[in-house]
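Reader: I have just opened this one and would like to go through it slowly. Could you take my questions as they come?

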Amino acid sequence: QVQLVESGGGLVQPGGSLRLSCAASGNFFSIYVMGWYRQAPGKQRELVATITSRGNTNYADSVKGRFTISRVNAKNTVHLQMNSLKPEDTAVYYCYADIRVADLIGYWGQGTQVTVSS
């Protein structure tokens with residue numbers, strides 16, 4: 001059974017930094033795209049950043065220049081370094097991965113809360 005487990009959320013002041021991590025575990029052949037999405041109260045889930053197995057990245061305009069996504073293929077992990085955090089970054093952050101088991105399936109983590117407040 002494939003699982004994505006996130007860590008690193010918490011409470012931070014505006015202008016601060018946090019680093020989120022996500023590790024994939026279980027029986028699978030390979031991982032393609034990995035990424036982070038977020039959902040604020042009363043809003044739809046939105047893309048934050050994605051990264052392919054070759055390292056190609058994509059960011060939401062709202063986080064460009066502040067967030068950096070990275071991954072370690074050998075460890076099946078993806079990370080999100082978040083700098084210059086703003087109150088509007090407050091949300092539950094979800095890890096996502098396209099993983100080939102028998103077929104290619106999208107998996108989600110359980111989510112981790114990020115709160116930016118003074």
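Reader: Let me start with Ser84: is Ser84 buried, partly exposed or exposed?
Author: Bearing in mind that this is a predicted model, Ser84 has a relative accessibility of 40%, so it counts as partly exposed.

Reader: And where does Ser84 lie?
Author: Ser84 lies in the loop between E8 and E9, and its phi is near 50°, which is a positive value in a residue other than glycine.

Reader: What about Asn76, what is its phi?
Author: Asn76 is not a glycine, although it has a positive phi of about 55°. Asn76 lies in the loop between strand E7 (67–72) and strand E8 (77–82), and with 24% relative accessibility it counts as partly exposed.

Reader: Changing topic, how many disulfides does a search of the whole structure find?
Author: The search of the whole structure finds 1 disulfide, and it joins Cys22 to Cys95 with an S to S distance of 2.1 Å.

Reader: Which parts does that pair tie together?
Author: Cys22 lies in strand E3 (residues 18–25) and Cys95 lies in strand E9 (residues 91–100), so the pair ties together parts that are 73 residues apart in sequence.

Reader: Are Cys22 and Cys95 buried or exposed?
Author: Cys22 is buried, since its relative accessible area is 1% and the cut-off for buried is under 20%. Cys95 also counts as buried, at 0% relative accessibility.

Reader: One last thing, why is the disulfide called left-handed?
Author: The disulfide is left-handed because the torsion about the S-S bond of Cys22 and Cys95 is about -80°.

Methods. Residues numbered from 1 in each chain as written. Predicted model: local features only at pLDDT ≥ 70, side-chain atom pairs only at ≥ 80, totals over all residues. Heavy atoms only, no water. Disulfide = S-S within 2.5 Å. Helix = DSSP H or I, 4+ residues; strand = E, 2+ residues; numbered from the N terminus. Buried < 20%, exposed > 50% of the residue type's maximum accessible area, 1.4 Å probe, protein only.
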